[in-house]
Amino acid sequence: MLLRRTAILSAAALLAAGLAACSSGNDAETLVISASSTPHVEILEHIADSGVLGDVTLDIKPVTGEIDPNELLAAGDVEANYFQHAPYLSDWQKQKGVDDLVSVADVHLEPMGLYSEKITAVDQLADGATIALPKDTTNFSRGLYLLESAGLIEMDVPFADANLSVVTQANIKANPKNLKFIEIERSQIARNLGDPQITAAVINSNYALEAGLNPTTDTLIAEKAEGNPFANLLVVRAAQENDPGVQALAAALQSPETAAWIEENYSGAVIPVHAAG
């Protein structure tokens, strides 16, 4: 059983916790990091318990609900976060006018999938059926291209050439089943699978896991890992990119040992970017 030491904090409590100062007089360091509960916190707790970080201590803040981990990081209330992929980070910084958040490690993939409680195959989608997709721009675009990969729609820009921060429904060139699309906060989509108006939903694997779904067996269609640009990242402010604690954590996240642990514990639902030992 995965160890759960940390409690979910409200935004106020997280802000009150403040930034843990790194000691300049010795090698000990506390790194405050916000992360999504599954699988990110679990992976971080495994690393913290393994002892590979030496004198670096992780103060892990699981973030849910309305808390924006990037806002906390940009404000200096945490020193790192681990929850997002590169297209999301790029789009967030453009929208917020922020340019000093950088990735220091690509860690794992969470293949996005299409789920349903009403049908068992995509060819059962009725004309005019409604599909729910994540509300944020890049994951909405990602969902549209997942549907295209199954032949359900056709986009006017190939995925390889698409700027996911600007792709919208207007880029759908063909929709032979006249599918309808609604946007829901990505953390809430799995909870809406039972909605009688929603035939199927595109769900990120971390939220599928939290909802008790199995991304390797419950999907109607799923992203391929090969060539997938949506690796989840360890992100820090540029000024801390070369911090010893940050570099130690980055190395641990990308290690063969961590990759092997991810493979063993998530059985393909979460895929390490770097090879296991």
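Over the ring of which residue does the charged end of Arg142 sit? The points below answer this and then go through some other features of the structure, which is a predicted model.

1. **A charge over a ring.** The charged end of Arg142 sits over the ring of Phe230, at 4.1 Å from the centre of that ring. Phe230 also belongs to a cluster, in which ring pairs link Phe230 with Tyr145 and Phe159.

2. **Aromatic pairs.** A pair of aromatic rings is described by the distance of the centres and the angle of the planes. With ring centres within 6.5 Å taken as the rule for a pair, the count comes to four aromatic pairs. In the pair of Phe83 and Tyr88 the centres are 5.8 Å apart and the planes stand at 80°, so this pair is edge-to-face, given that planes over 60 degrees apart are put in that class. Both Phe83 and Tyr88 are buried.

3. **Helices α4 and α5.** Two packed helices are described by the angle between their axes and the distance between the axes. Helix α4, which covers residues 86-96, packs against helix α5, which covers residues 137-149, at an angle of about 140° and with the axes 8 Å apart. Because of that angle, α4 is oblique to α5. On the side of α4 the contact is made by Pro87, Tyr88, Asp91 and Gln95, and on the side of α5 by Thr137, Thr138 and Asn139. Sorted by class, the residues of this contact are two nonpolar, four polar and one charged.

4. **Helices α2 and α7.** Helix α2 (residues 37-50) and helix α7 (residues 244-253) pack with their axes 11 Å apart and at an angle of about 105°, which means that α2 is roughly perpendicular to α7. The residues that make the contact are Ile43, Leu44 and Ile47 of α2, together with Leu249, Ala252 and Leu253 of α7. This contact has six nonpolar residues, and no polar and no charged ones.

5. **A cis peptide bond in the model.** Most residues other than glycine have a negative phi, and most peptide bonds are trans. The bond that joins Thr38 and Pro39, however, is a cis peptide bond, with omega at about 0°. Pro39 lies in helix α2, the helix that packs against α7.

6. **Positive phi values.** Asn178 is not a glycine, and yet its phi is positive, at about 55°. Asn178 is placed in the loop between β8 (172-174) and β9 (180-184), and because its relative accessibility is 43%, Asn178 counts as partly exposed. Ser267, also a residue other than glycine, has a positive phi near 50°. Ser267 lies in the loop between α8 (256-266) and β13 (271-272), and with a relative accessible area of 54% Ser267 is exposed.

7. Leaving aside residues up to four places away in sequence, Glu154 touches Glu148, Asn171, Ile172, Lys173 and Ala174.

8. **Asp106 in strand β4.** Asp106 is found in strand β4, which covers residues 101-109, and its relative accessible area of 28% is why it is described as partly exposed. When residues up to four places away in sequence are not counted, Asp106 touches Ala231, Asn232, Leu233, Gln254, Val273 and His274. From Asp106 to Gln84 the separation is 22 residues in sequence and 9.9 Å in space, taken from C-alpha to C-alpha.

9. **Asn242 in a loop.** The loop between β12 (232-237) and α7 holds Asn242, and at 66% relative accessibility Asn242 counts as exposed, because the exposed class takes values over 50%. Asn242 and Ile47 are 195 residues apart in sequence, and from C-alpha to C-alpha they are 20 Å apart in space. Ile47 is one of the residues of α2 in the contact with α7.

Conventions. Residues are numbered from 1 along each chain as its sequence is written. This is a predicted model: local features need pLDDT of at least 70, side-chain atom pairs count only at pLDDT 80 or more; totals for chains, interfaces and linings use all residues. Side-chain values use heavy atoms; hydrogens and water are left out. Rings of Phe, Tyr and Trp (its six-membered ring) pair if their centres lie within 6.5 Å; planes under 30 degrees apart count as stacked, over 60 as edge-to-face and the rest as tilted. Buried means under 20% relative accessible area, exposed over 50%, partly exposed in between (1.4 Å probe, protein chains only). A charge sits over a ring if NZ of Lys or CZ of Arg is within 6 Å of the ring centre and within 35 degrees of the ring normal. Axes are lines fitted to C-alpha atoms, for helices over the stretch in contact, and angles run from 0 to 180 degrees between N-to-C directions. Helices (H or I, at least four residues) and strands (E, at least two) are DSSP runs, numbered from the N terminus. Angles under 35 degrees count as roughly parallel, over 145 as roughly antiparallel, 65 to 115 as roughly perpendicular and the rest as oblique. Contact means heavy atoms within 4.5 Å. Ala, Val, Leu, Ile, Met, Phe, Trp, Tyr, Cys and Pro count as nonpolar, Asp, Glu, Lys and Arg as charged, and the others, Gly among them, as polar.
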